[in-house]
Amino acid sequence: MKKIEAIIKPFKLDDVIESLSEIGIEGVSVTEIRGFGRQKGRTEIYQGAEYVVDFLPKIKVETVVSDELVEPAIEAIRQAAYTGKIGDGKIFVLDVDKAVRIRTGDIDDAAL
């Protein structure tokens, strides 16, 4: 099992969720976050004064999938989140040692 974390632009969330659903991934957690990567924020003008916004709004999408769904999930996220512009985001894949469904006690893949 793997945990997939994707940092994406907020307006791409619906596309990513729909794309994951199409390949059979239903369990997803979404968190509103703020951060920056290479773009280092942006400069804005407010009431005539220029200031730098260091942290940009982003969305973190997390899901845990069986090993055979890792590559399809990565590709689904990548295609759905793609705009071709700086700040499209990142996808991280982490190992998951164990998963337990609290309600039933199902373990590992059965718990997903």
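**Figure 1. Salt bridges of Lys3 in the predicted model.** In this predicted model, the side chains of Lys3 and Glu5 meet in a salt bridge, with 3.3 Å from N to O; a salt bridge is a side-chain nitrogen of Lys or Arg within 4 Å of a carboxyl oxygen of Asp or Glu. Lys3 also forms a salt bridge with Glu62 (2.9 Å, N to O). Because Lys3 lies in strand S1 and Glu62 in strand S5, this pair ties together parts that are 59 residues apart in sequence. Helices (H or I, at least four residues) and strands (E, at least two) are DSSP runs, numbered from the N terminus. Lys3 has a relative accessibility of 26% and counts as partly exposed, whereas Glu5, at 16%, counts as buried. Glu62 likewise counts as buried, at 16% relative accessibility. Buried means under 20% relative accessible area, exposed over 50%, and partly exposed in between (1.4 Å probe, protein chains only).

**Figure 2. Salt bridge between Asp88 and Lys9.** The closest N and O atoms of this pair are 3.8 Å apart. Elsewhere, salt bridges that share partners join Lys3, Glu5 and Glu62 into one network. The count of salt bridges comes to 7.

**Figure 3. Strand S5 and its pairing partners.** S1 and S5 run antiparallel and are joined by 7 bridges; two strands pair if DSSP finds at least two bridges between them. In this pairing, Ile4 stands opposite Thr63 of S5. Strand S2 (residues 29-35) also pairs with S5 in the antiparallel sense, over 7 bridges, and Thr31 stands opposite Lys60 in S5. Of the 10 residues of S5, 7 are buried, so this strand is largely enclosed by the rest of the structure.

**Figure 4. The largest nonpolar core.** This core has 17 residues, and those with the most contacts inside it are Ile4, Ile8, Val16, Leu20, Val61 and Ile77. A nonpolar core is a set of buried Ala, Val, Leu, Ile, Met, Phe, Trp, Tyr and Cys residues joined through side-chain atoms within 4.5 Å. At least two core residues come from each of strand S1 (2-8), helix H1 (13-22), strand S5 (56-65) and helix H2 (70-81). H2 gives the most to this core, with 7 residues. Ile4 touches, among others, Val61, Val70, Ile74, Ile77 and Phe92, not counting residues up to four places away in sequence; contact means heavy atoms within 4.5 Å.

**Figure 5. The whole chain as context for the close-ups.** The chain has 2 helices and 6 strands, and its elements run β-α-β-β-β-β-α-β from the N terminus on. Among its 112 residues, 32% count as buried. Of the contacts with a separation of 6 or more, 71% are between residues 24 or more positions apart. The accessible surface of the chain is about 7600 Å² (Shrake-Rupley method, 1.4 Å probe; for residues, only the protein chains shown count as cover).

**Notes to all figures.** Residues are numbered from 1 along each chain as its sequence is written, and side-chain values use heavy atoms, with hydrogens and water left out. In this predicted model, local features need pLDDT of at least 70 and side-chain atom pairs count only at pLDDT 80 or more, while totals for chains, interfaces and linings use all residues.
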